[in-house]
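Colleague: I would like to learn how to read helix packing and a sheet. Where do we begin?

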Amino acid sequence: MFLNMYVKEMKEALRDRRTLILSVFLPILLLTGLTLFYESLMTTDENETYTLAVDPSFSKDGKALLSDFPQIEVKSFDNPTKAIEEGKAAAALQVSDGFMEQIKKGEQVTFSLSGDTYSQDSSFALSQVESALTLFEKQIIQERLQNINTDSSLISPLQVNIKEVGLDTDNGASLSILSIFLPMIITMAISTGAYPLASDLFAGEKDRKTMEALLMTPVSRGKILVAKWLTISSIGALAGIVSILVVTLELIFLTEELRKGFDFGNDLWMILPTALLITVLFSMFMGALQMSASIISKTVKESQNYISPITMLVILPALFLGGTGLHELTTKHFLIPIFNIFALFKELIYGVIDYQNIFLTASSLIVSIALFFAVSRILFLKDKWVLN
C-alpha cells in the first residue's frame with residue numbers, strides 16, 4: 001500500500017505541467033543562463049575594440065604609446081570626458097601638448113585618465129591604457145639611468161616570485177569559479193525543484209479539503225508521510241541530477257574557459273558517484289525540511305511564506321565559503337548542513353577525494369534528515385497541524 005501511494009504521488013507530480021516547469025525546466029534555463037554568464041566573464045573577445053577619447057592635439061607620439069594594444073582605438077574629441085558620458089568612448093586620456101619635449105628635459109608630465117570603473121568595457125580600457133603608460137614609464141626610467149651610467153637594478157632591489165602551493169595553477173581561474181558556481185546551482189535546483197511539490201502535498205491538501213479523505217484511507221499516517229516525503233525528495237533529486245548532467249554537457253560543448261577546469265582524469269569514477277550520493281542525500285534533507293514547513297501551514301500561500309526563506313538558505317554558503325581556500329576548510333565546514341555540500345563539492349571540483357570529509361558530510365546529512373523527519377512525523381500525527 002505504501003509503494004502504491006508513492007507511485008501515485010509521483011505520477012500526479014510528473015503529470016502536472018506546473019510541477020515539471022517549476023521543478024525541472026525552469027532550473028535548467030537558469031543553469032544555462034548562469035553557465036553562459038560565468039563563461040562570458042572569463043572570455044575576452046580579441047577582435048572587440050574599445051574607444052579611447054583624446055584631445056585633437058594628442059600627438060602621434062602619444063598614439064604610438066598604444067600601438068602594442070590593438071584593442072584600444074584612439075579617437076579625437078573636442079571634449080573627451082563628455083564623450084564618455086555620451087557613450088561614445090570607453091575611457092579618455094588627456095595630457096598637455098608637447099609632453100614628449102617635457103620628458104626629454106627631465107620634467108614631470110601628468111596624464112589624466114578618465115573612465116567609469118563600474119562599466120566592464122570602461123574598466124578594461126582603463127587597465128589597458130594604464131599598462132601602456134606603465135611600460136612607457138619604465139622605458140623612460142631605463143633611458144635616464146643609462147644616460148647617467150647607472151644600473152637599473154638599483155631602483156629595483158627586490159624581485160618577488162609568487163608560487164601556488166599544492167594546486168595546479170594552469171586552470172586556477174576556471175576551478176575557482178566552478179567551485180562556487182556548481183554547488184550553488186545544484187543546491188538551488190534541488191531546493192527550488194522540491195519547493196512546489198512540498199507546498200502542494202500538505203498545505204495544498206488542506207486548501208483543497210482533501211486531507212480528511214486521505215486520512216480516512218486504510219493507510220497509517222506514518223506511511224502517508226513517508227510516501228509524500230519520498231515524492232518530494234525524488235523530484236528534488238531528479239532536479240539535482242538533471243542539473244549535474246545539463247551543466248556537464250554545457251561545460252563540455254558550450255564553453256571554452258570553464259571547460260579547462262572540468263577535467264578530473266581517472267578520478268571521475270569516484271567523484272561522480274560521490275556527487276550523486278550527496279545530491280540525493282541533500283534532496284532528502286531539503287524534502288524533510290520543506291515538508292515540516294508545509295505541515296504547519298494552513299494554506300499554500302502560508303507555506304510559500306515559510307518555505308521561501310528555506311529555499312534561499314542555499315545562497316549563504318556561496319557568500320561565506322566563496323573566498324575560503326581549499327586548505328582552509330576544517331571539520332566544522334563538513335558538519336554544518338548545506339555548508340558541507342559546498343565544502344565537499346569544492347574538494348571534488350579540485351580533484352581532492354577525502355574519505356573522511358565524505359563520511360562527515362553524509363553522516364551530517366543523514367542525522368539532519370532523521371531529525372527533521374522526526375519533527376514532521378510528530379506534527380503529522382497531531383490533528384492540530386494536519387486538519388484545518
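Modeller: With handedness. A crossing is left-handed if the near helix is turned anticlockwise from the far one by less than a right angle, and right-handed if clockwise. Helices (H or I, at least four residues) and strands (E, at least two) are DSSP runs, numbered from the N terminus. Here, H9 passes H14 in a right-handed crossing.

Colleague: What should I know about the model itself?

Modeller: It is predicted: local features need pLDDT of at least 70, side-chain atom pairs count only at pLDDT 80 or more, and totals for chains, interfaces and linings use all residues. Residues are numbered from 1 along each chain as its sequence is written, and side-chain values use heavy atoms, without hydrogens and water.

Colleague: At what angle do H9 and H14 pack?

Modeller: Axes are lines fitted to C-alpha atoms, for helices over the stretch in contact, and angles run from 0 to 180 degrees between N-to-C directions. H9 (residues 221-253) and H14 (residues 355-380) pack at about 130°, with axes 10 Å apart.

Colleague: Which residues make the contact?

Modeller: Contact means heavy atoms within 4.5 Å. H9 brings Arg-221, Ile-224, Leu-225, Val-226 and Trp-229. H14 brings Ile-369, Phe-373, Ser-376, Arg-377 and Phe-380.

Colleague: In what order do the strands of the open sheet lie?

Modeller: Strands of a sheet pair through backbone hydrogen bonds, either parallel or antiparallel. Two strands pair if DSSP finds at least two bridges between them. The order of the four strands is E2-E1-E3-E4, with mixed pairing. E2 (72-76) and E4 (111-115) are the edge strands. The twist averages 25° from one strand to the next.

Colleague: Which helix packs on the sheet?

Modeller: H6 (residues 120-147) does, touching E1, E2, E3 and E4. The direction of H6 makes about 165° with that of E4.
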